[in-house]
Amino acid sequence: MRITRITLFEVSLPLLHSFETSSHRKSGLRHILVRAVDDDGRTGWGEIASPTDPYYTSEITDTAWSVAERYITPAALGTEWDEPAALESTWSKVRGHEFTKAGFSAAAWDLHARAQERSLASVLGGTRTEVVAGVSLGIEPSIDELLTQVERQVSAGYPRIKLKIAPGWDAEPVRAVRSHYPDLDLHVDANGAYPDTAESAEILRALDEQSLTMIEQPYEPRDFPAHARLQRRIGTPVCLDESVVDLADLRTMIELDAGRVLNIKVSRMGGLLAARRAHDVARDAGIPVWCGGMHEFGVGRAANVAISSLPNFTLPSDVSGSAKYYARDVITSPVVAVNGVVAVPDGPGIGYDVDVEWVRQNTVRTADLTI
Ligand code: OSB
Ligand code: MG
């Protein structure tokens, strides 16, 4: 197969409820949709879910646009390939820019699955027909408002809640939620906000007493030893997110015992192939995984649902229904969670149809490249 045309759409959508992490607050997203057309006229879609600001990682929408247009599109256009791995190897010499690569990887996998009239989940090796979704709640202005958000999501049927924490917003809100919901599957995510100090260790030890499923990324991404020291001191599993960008990072995590759970984000790892490899390496090391989200629109969310159907995705993934995020998603029928469960589509490719008219109406920048 050969990709003969690639169109990039930078799409801007407001979030229904603004989201604050340890680094910043956002009320909308600008993601880039990648549409790839092959020489048989089939279409594949992927999403570059890069944040607009460099606080989660160094990549931003504007660098993604530039790298997509100048490097990845030219590498992908016109290349003859059979397996997505062959196409992905054409841009492997580009260092970093994982979110950008992930958008193209997903479009290639969507095309590949459609060419075989199979679902994306099945070509990836997925075995589940449904996946359990959790929700991620941002930092709220008050504990009361946080409790309102938790109540809303628990009543919607979501079985797992993750709370964003940061110095100054940690033990107290977590204790409040825990005391209202003694049996809830609850975890926290600091996005690397804690300095490696005795004071942080004290706070994290207090959180260790709240029966959390995991404490995600307390320390800065490259500090594997700090995570390993923490993991030795607490019973709660440490989960790594930002720290693990490639398989070498994952091996470092395993060798140092710097965490016992892995958050696999397709975007952060550079695509579906890398995400699947990380799944396999983690499985062999006895590390359970779940799929993290970046507030994806429906195209990226569909890829997250597909990868979450692999067997070692044993913990709830951040694949909440579209309605948690957007008034109207970019796919014609939104991703729906019923009692916290999302059905894995069995139609061809990502299994959702893109609402191209809605995409165009919300596009702020576009590029159309052909061979
Ligand atoms: O750490 O998982 C994270 C959003 C932006 C940046 C980092 C993270 C997140 C989320 C979003 O938690 C989860 C979702 O998409 O539902
Ligand atoms: Mg995280």
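Predicted model: local features only at pLDDT ≥ 70, side-chain atom pairs only at ≥ 80, totals over all residues.
To the contact (heavy atoms within 4.5 Å), domain 1 gives 35 residues and domain 2 gives 42 residues.

Here is the interface at a glance.

| Interface of domain 1 and domain 2 | Value |
|---|---|
| Buried area | about 3200 Å² |
| Share of the buried area on carbon and sulfur atoms | 69% |
| Salt bridges | 0 |
| Residue pairs in polar contact (both at pLDDT 80 or more) | 12 |

Buried area is the accessible area (1.4 Å probe) that two parts lose on being put together, summed over both. A salt bridge is a side-chain nitrogen of Lys or Arg within 4 Å of a carboxyl oxygen of Asp or Glu. A polar contact is a pair of N or O atoms within 3.5 Å; within protein, one must be able to donate a hydrogen and the other to accept it, and residues adjacent in sequence count only if both atoms are side-chain atoms.

Tyr56, Trp109 and Trp358 supply 21% of the area that domain 1 buries against domain 2, more than any other three residues.

Now to one residue, Lys162. Its side chain makes a polar contact with the side chain of Asp318 (3.5 Å).

A word on conventions: residues are numbered from 1 along each chain as its sequence is written, and chains are lettered from A and ligands numbered from 1 in the order in which they are written. Local features need pLDDT of at least 70, side-chain atom pairs count only at pLDDT 80 or more, totals for chains, interfaces and linings use all residues, and side-chain values use heavy atoms, with hydrogens and water left out.
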